[in-house]
Amino acid sequence: MFPRGREQKGDEWYKLTSKRLFPRGRVVFFVTSNVHKFNEARRVLAEYKVATALLNIKALEIQDNNLESIAKASAINAVEKCSLPIIVEDAGLFIEVLSSFPGPYSSYVHQTIGNRGILRLMEKVEKRDAYFHSVVAFCSPEEPPKCFHGKVKGKISHEERGSLGFGFDPIFEPLGGRGKTFAEMTITQKNRYSHRARALRRFARWYTSSP
């Protein structure tokens with residue numbers, strides 16, 4: 001589950017060095033290839049004086065119906081590869097009228113049919129309720145994965161709007177967002193509502209308060 005193969009002396013040296021260079025509650029590495037996610041996370045974690053760095057390594061991405069299972073597997077695999085305190089994040093868009101599709105498969109669906117494909121599926125549909133769900137998983141060489149959840153309700157717009165953000169942002173209007181899609185919001189505005197920001201704030205409160 002955690003990195004193996006180091007001699008006992010090496011393990012002791014690593015633990016002392018890791019704690020000195022990356023003190024718990026103050027530094028964490030975000031494993032992602034998505035710079036947009038990183039920029040959102042960096043600003044949220046800065047609110048809690050947690051420094052974060054982007055770590056672009058290829059972590060395992062399993063196929064599963066449960067976001068938490070996906071995030072946990074990625075976090076464990078990432079720590080095996082880098083031996084650092086890390087977070088990973090997995091999220092999905094759940095559309096009620098489509099039986100929660102695309103859900104955990106949102107990344108693949110966006111790559112294949114994109115926003116326009118979702119809008120075609122929603123043509124002439126009046127009930128457009130949906131929500132975003134984010135899971136942030138923390139893991140380190142000394143600690144097993146721990147997950148933090150964030151959700152935001154909203155609805156699917158009738159057309160793509162906005163040039164900011166990424167993924168399904170141009171077609172999702174969060175509740176309380178005054179009719180704007182995520183793609184019409186700056187990072188600061190989006191972080192007031194977003195599922196990712198809510199999960200990250202739950203992580204940050206735990207990370208900075210736990211011993």
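Q: Is arginine 196 buried or exposed?
A: This is a predicted model, in which local features need pLDDT of at least 70, side-chain atom pairs count only at pLDDT 80 or more, and totals for chains, interfaces and linings use all residues. Residues are numbered from 1 along each chain as its sequence is written, and side-chain values use heavy atoms, leaving out hydrogens and water. Arginine 196 has 4% relative accessibility. The class is set by relative accessible area (buried under 20%, exposed over 50%, partly exposed in between; 1.4 Å probe, protein chains only), so arginine 196 counts as buried.

Q: How many residues apart are glutamate 89 and arginine 196?
A: Their side chains meet in a salt bridge at 3.1 Å, N to O (a side-chain nitrogen of Lys or Arg within 4 Å of a carboxyl oxygen of Asp or Glu). The pair links distant parts of the chain, strand β3 for glutamate 89 and helix α7 for arginine 196 (DSSP runs numbered from the N terminus: helices H or I, at least four residues; strands E, at least two). The separation is 107 residues.

Q: Which helix does the salt bridge of glutamate 89 with lysine 37 tie to strand β3?
A: The two side chains meet at 2.8 Å, N to O. Glutamate 89 is in β3, so its pairing with lysine 37 joins parts 52 residues apart in sequence, the partner element being helix α2.

Q: What is the relative accessible area of glutamate 184?
A: Glutamate 184 forms a salt bridge with arginine 161 at 3.3 Å, N to O. The two lie in loops, 23 residues apart. Glutamate 184 is partly exposed, its relative accessible area being 30%.
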